[in-house]
Amino acid sequence: MIKIKDLYDLSHTRAKDYLQEFTYPWEALSGISDLIRTLGASLGADYEEISPEVWVHKTATVAPTAFLGAPCIIGAKTEVRHGAFVRGSALVGDGCVVGNSVELKNVILFDGVQVPHYNYVGDSILGYKAHMGAGSITSNVKSDKSLVVIHGAEPIPTNRKKVGAMLGDFVEVGCNSVLNPGTVICRESNIYPLSCVRGVIPKRSIFKTGGIIVEKE
């Protein structure tokens, strides 16, 4: 349920070949920077290297107040809005929205992902057409700074201090929710606004107030 092949349709990302090398998505976090540099060198004429190791598709829209840190790729018809802060190591797919005051760091955003208002997304992978409501964030470091463990049917050590959230395809996260370190939300699941989420949320589920999880009808 939490393997890459279960969470994502890899036809919707330029990271397809790279992600196929791994079993679990968090295993791919360490190599995102190198992946972007490799991809950037072969993107072709439709992309412009606007600064060293920052590639933007000619059909993308980037606000003049946005900051794009290296290395990063901004895909076709993606919109990067006012005040967005891409710290680097961000592979942003086609048709995405990176909104006002959004911060990205060490992430893969599949095609059609929307992080449109006041979101922090770090050390995370967001699947096809995943959407994070206004103010929802990924928390990527535990308060005691210990290594992150994925708490599903059985604990899986990541051996990483920084792991944000893994969102499957078509996941919807409600406004002002916090996704704690190592959260995995499986395909087509919804998170109520103002939620504090941890562990693994099964596919086609609804995470309700108070942490109640119900299966979608």
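Modeller: Let's start with Ile73, which is buried at 0% relative accessibility (buried is under 20% relative accessible area, exposed over 50%, partly exposed in between, with a 1.4 Å probe and protein chains only). This is a predicted model, where local features need pLDDT of at least 70, side-chain atom pairs count only at pLDDT 80 or more, and totals for chains, interfaces and linings use all residues. Residues are numbered from 1 along each chain as its sequence is written, and side-chain values use heavy atoms, leaving out hydrogens and water.

Colleague: Which strand does Ile73 lie in?

Modeller: Ile73 belongs to strand β5, residues 72-74 (strands are DSSP runs of E with at least two residues, numbered from the N terminus).

Colleague: And what is Ile73 in contact with, leaving aside neighbours within four places in sequence?

Modeller: Its partners include Ile36, Leu43, Tyr47, Trp55 and Val92, where contact means heavy atoms within 4.5 Å. The C-alpha atoms of Ile73 and Tyr47 are separated by 9.0 Å.

Colleague: New topic: how many aromatic pairs are there?

Modeller: There are 5 aromatic pairs. Rings of Phe, Tyr and Trp (its six-membered ring) pair if their centres lie within 6.5 Å; planes under 30 degrees apart are stacked, over 60 edge-to-face, and the rest tilted. One of them is Tyr24 with Trp26, stacked at 4.8 Å centre to centre and 5 degrees between the planes.

Colleague: Is Trp26 buried or exposed?

Modeller: Trp26 is buried, at 3% relative accessibility.

Colleague: Why is the pair of Phe67 and Phe85 tilted?

Modeller: Because their planes are at 55 degrees, with the ring centres 5.6 Å apart. Phe67 lies in strand β4 and Phe85 in strand β7, so the pair ties together parts that are 18 residues apart in sequence.

Notes
Helices (H or I, at least four residues) and strands (E, at least two) are DSSP runs, numbered from the N terminus.
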